[in-house]
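Student: Hi! I've just opened a new structure and could use a guide. Can we look at it together?

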Amino acid sequence: FSVQLLIELQRIGSTTIYGNLNKIILATKRWSLLDTRLYIKVILEHLQLKDLTSTICLELKSIYHCLWWFDDKNYCGFRIWSNTKGQIDDNIDNNDEEETIFDWNMIVYLPRVVQDYFETIMIGFARSIYDRLRDEYKEATSITQTNLPVKVLEYCRGLFTDELYQQLMSVTNQIERKLTKSDFDSTLPTPLSSTSPALEFVKSVCCLLFLLHDMHDDVMNLRRDLLKLLKLSEYSEMTTTNLSSLTSFVVPQLVCSNCNHYRDIDLYREINSTIDKDSDDEQYRQYQYTCNQCHTPYDQTVIEQYLINHLQTLVLENVLQDATCNKCHFVRNVYYKIYCDCGELYQNLHTTALLHNTCIILTQIASKHQMAALQQQIQFLNRLNHWNE
Ligand SMILES: [Zn+2]
Ligand SMILES: [Zn+2]
C-alpha cells in the first residue's frame, strides 16, 4: 500500500528521500516557505483524488532547509516550519526563526565530551553553509535545483580546507591523547575492544561529511589524513565497519494494543524508565517500552517472544550453514563428515560473531526488562559456546 503511494509520488515528479509507514520526506527543490507549502498542498490534493491513495491520511508536519539526511536516526537540518506552532502565523513567510535540529544517533555511545565536540563543529559547519545559501537565495524568487549553487560550493570548499580541516585534525589529536577505551560509557555493551573514541569520532564525522556528494574527494582526503594521525590505514577493516550498527536492535512494526499505531522500535536505544515510590534506588527502577502516540506500555511478553524467536532463527542459521574445505574449496556434501576427502578439516562458512554480538545486546535488554525466559536462553548459549570464559 505504501509502496503504491511512493510510486505515485515518483510519477508526479517528486523526490522521496525517505519513507516508512508513518512519515515521508520529500525534497521539494524549493527554497521559499510559501512555494513549498503550496507545492505540498498540491501533492496532497492530488493524492486525495486518486482511488488508491485517497484513504491514506497525510498531513504536512514540518519543513526543513538544508537537511543532512543519513537515515531516520541520523540527521540534522534547520526547521523553518512545523505544524505544531505554525498554525498561528500561517500567512507570514519569514524564515527568521528557524530551529536547529541535530539528531545524530550514531554518536550516543561516545564519551560526552566527544559528543559535544562533534555537535559543535558539525553544527557550526552546517550553519555556515546554510547562512551562505540563504544570502545567495535572498533575492531569488523561485529556485528549482537541489545541488548547491557554484558560488556556495566554492565557499563550502574554502571553509572546508581553511577551517574545518585544521579544526578536525587538532580535535582528533586531542581526543586521541586524552581519551581511551575506558572512557566509553560502560553501560553500553558494545564490543569496543578494537576501537577508540578518536576512531569512532573520525568515522562519525566522515559519515556526515560524505553527505556532501560534491565534495567526496575532499572528504576522502580528510579521512585518510585523520586516520594517518591515528596511525591507521584507510583500508583496514576496523575503520570501515560502523560500531553504531551493533548498538541497536530494531523490532519492526510493533503494534500498540490500545491505539493500533504501529512503528519500528529500537529496543536498545529507546530507554524509558520510571522509578517506583519516590526512591532513587537503582533497584526499584522499572524499564518499559511505550507507544509514542498514546504512551500505553507494550505487552512485554510479545517483545520477549519476538526476541526468543529471533535468537532461535540465528542459532538455526548457524547450525545449518555450509561448511567448506579450506584447501580444495568444496562444500561439504555429507552432513556428519568432519574431514574432507583431501584430508583437510572442514570449516564453517560463517563465524558465530553475529550470534555472539546479538547475545551481548540482548543480555542487556533482557536484564533491564526482566525477561527471564530470554535470559535463560542466552545463558544456555553462552555456556554452550564458552563465551563467558
Ligand atoms: Zn498507542
Ligand atoms: Zn578438501
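Student: How many helices and strands are there in the protein chain?

Tutor: This is a predicted model, and its protein chain has 9 helices and 11 strands.

Student: And what share of the residues count as buried?

Tutor: Of the 389 residues, 38% count as buried. The accessible surface of the chain comes to about 22900 Å², with 51% of that belonging to carbon and sulfur atoms.

Student: What about contacts between residues at least 6 apart in sequence, how many of them join residues at least 24 apart?

Tutor: In the protein chain, 57% of those contacts do.

Student: Let's go to the metals. Which residues are the protein donors of the zinc ion (ligand 1)?

Tutor: Cys256, Cys259, Cys291 and Cys294, each through its SG atom, at 2.2 to 2.4 Å from the ion. Their spacing along the sequence is C-x2-C-x31-C-x2-C.

Student: Where do Cys259 and Cys291 lie?

Tutor: Cys259 is in the loop between strand S6 (250-255) and strand S7 (262-266), while Cys291 is in the loop between strand S9 (285-287) and helix H7 (300-319). They are 32 residues apart, so this pair links distant parts of the chain.

Student: Are those two buried or exposed?

Tutor: Cys259 is partly exposed, with a relative accessible area of 32%. Cys291 is buried, at 0%.

Student: Why is the arrangement around ligand 1 called tetrahedral?

Tutor: Because the 4 donor atoms around this zinc ion subtend angles of 105 to 112°, and four donors count as tetrahedral if all angles lie between 85 and 135 degrees.

Student: Now the zinc ion (ligand 2): what coordinates it?

Tutor: Cys325, Cys328, Cys340 and Cys342 do, again through SG atoms, at 2.2 to 2.3 Å. The spacing here is C-x2-C-x11-C-x1-C. Angles of 102 to 124° between the 4 donor atoms make the arrangement around ligand 2 tetrahedral.

Student: Which parts does the pair Cys325 and Cys340 tie together?

Tutor: Cys325 lies in strand S10 (residues 323-325) and Cys340 in the loop between S10 and strand S11 (346-348), so the pair ties together parts 15 residues apart in sequence. Cys325 is buried at 1% relative accessibility, and Cys340 is buried at 10%.

Student: With those cysteines about, how many disulfides does the structure hold?

Tutor: It holds 0 disulfides. Take Cys66: the closest cysteine sulfur, in Cys76, is 9.5 Å from its own, too far for a bond. Cys207 is in no disulfide either, with the nearest cysteine sulfur, that of Cys206, 8.3 Å away. Cys207 counts as buried, at 14% relative accessibility.

Student: New topic: helix H3. What span should its 26 residues have?

Tutor: Helix H3 (residues 112-137) should span 38 Å at 1.5 Å a residue, and its end C-alpha atoms are 37 Å apart, which agrees.

Student: What do the buried residues of H3 pack against?

Tutor: They pack against strand S3 (62-71), strand S4 (74-82), strand S5 (99-104), helix H4 (150-178) and helix H5 (197-209). Among these buried residues are Phe118, Ile121, Met122, Phe125 and Ile129. In an α-helix there are 3.6 residues a turn, so residues three or four places apart point the same way.

Note on methods
Residues are numbered from 1 along each chain as its sequence is written. Chains are lettered from A and ligands numbered from 1 in the order in which they are written. This is a predicted model: local features need pLDDT of at least 70, side-chain atom pairs count only at pLDDT 80 or more; totals for chains, interfaces and linings use all residues. Side-chain values use heavy atoms; hydrogens and water are left out. Donors are N, O and S atoms within 2.8 Å of the metal (3.2 Å for Na, K and Ca); water is not among the atoms, so sites may look incomplete. Four donors count as tetrahedral if all angles lie between 85 and 135 degrees; four count as square planar and six as octahedral if opposite donors are over 155 degrees apart and all others between 65 and 115; anything else is irregular. Helices (H or I, at least four residues) and strands (E, at least two) are DSSP runs, numbered from the N terminus. Buried means under 20% relative accessible area, exposed over 50%, partly exposed in between (1.4 Å probe, protein chains only). A disulfide is a pair of cysteine sulfur atoms within 2.5 Å. Contact means heavy atoms within 4.5 Å. Accessible areas come from the Shrake-Rupley method with a 1.4 Å probe; for residues, only the protein chains shown count as cover. The expected span of a helix is 1.5 Å times one less than its number of residues.
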